[in-house]
Amino acid sequence: MTHPIEAPARPVGRRREIGLALALNLVFVAGVLFWGWPAGNVLLLFWVENVLMGVGTLVRILTAEVEPQTRRPVFFTLHYGIFCVVHLVFVAVLSFWMGAEFTVGALLVPALVVLVRHAADLVTVWFGAGVRHRTTPMQAFVLPYPRMIVLHVTTILAWGLMLGSLTMPGMEPTGLAAILARLREAFAGLGVEVTSAGLVVVLLVLVKMAFEALTAGRPVQWTIGDQRFTTH
């Protein structure tokens with residue numbers, strides 16, 4: 001008989017998970033390349049996704065039915081909340097540097113798309129498929145952290161790439177700035193106007209998408225103290 005700690009935190013719906021990851025991230029790419037979204041808006045959407053993952057995880061912690069006495073919703077809120085606040089500080093500065101617009105089409109609608117994606121996952125998988133009946137609060141607790149780490153890493157990469165793309169006034173672009181300039185020319189030849197910041201964001205979205213596609217539906221093992229947790 002499978003011990004509750006060893007039970008998977010969600011079904012192995014790999015194709016479904018990969019499809020959702022590809023769909024949402026390709027919407028981000030299309031927004032920057034074809035729909036005129038400012039590059040900074042995508043970083044703000046990364047933060048929105050981070051917060052929504054936290055809210056969904058809090059719901060899971062409160063409704064997990066295996067070993068309910070181990071629930072720690074306040075600790076999770078404080079722990080995850082600190083990461084979200086730090087993430088927001090770096091994202092806010094960087095997004096305004098890249099260019100951001102608080103418009104319905106370029107921020108509110110995409111944020112609603114992200115909300116629907118995560119709400120659908122919560123309703124159909126967690127409640128609909130009954131995953132909560134075989135999941136502990138600690139399994140739910142650790143579930144969002146791999147993706148949260150990726151969102152933080154992409155923010156750090158964005159800072160590095162943006163700093164590397166700077167060119168002194170009156171000088172020819174070199175290094176990364178030159179590569180971005182060539183890519184912009186290539187996209188312009190295809191009829192797509194995109195900024196250097198936009199190209200940086202597209203690269204980050206592709207990195208995020210690759211990670212999510214590779215890890216979708218795969219078990220993740222965590223060791224906390226003398227306990228091992230396996231989540232999907």
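Of the 232 residues of the protein chain, 44% count as buried, where buried means under 20% relative accessible area, exposed over 50%, and partly exposed in between (1.4 Å probe, protein chains only). This is a predicted model, in which local features need pLDDT of at least 70, side-chain atom pairs count only at pLDDT 80 or more, and totals for chains, interfaces and linings use all residues. Residues are numbered from 1 along each chain as its sequence is written, and side-chain values use heavy atoms, with hydrogens and water left out.

**Overall fold**
- The protein chain has eight helices and two strands; helices (H or I, at least four residues) and strands (E, at least two) are DSSP runs, numbered from the N terminus.
- Along the sequence, the pattern reads α-α-α-α-α-α-α-α-β-β.

**Helices α3 and α6**
- The axes of helix α3 (residues 73-98) and helix α6 (residues 145-164) come within 11 Å and cross at roughly 25°.
- Helix α3 is therefore roughly parallel to α6, a term for angles under 35 degrees.

**Glutamate 67**
- Glutamate 67 lies in the loop between α2 (39-63) and α3.
- Its phi is near 50°, a positive value in a residue other than glycine.
- Glutamate 67 is partly exposed, with a relative accessible area of 25%.

**Valine 109**
- Valine 109 is placed in helix α4 (residues 104-128).
- With a relative accessible area of 42%, valine 109 is partly exposed.

Notes:
Axes fitted to C-alpha atoms, helices over the stretch in contact; angles between N-to-C directions. Parallel < 35°, antiparallel > 145°, perpendicular 65-115°, else oblique.
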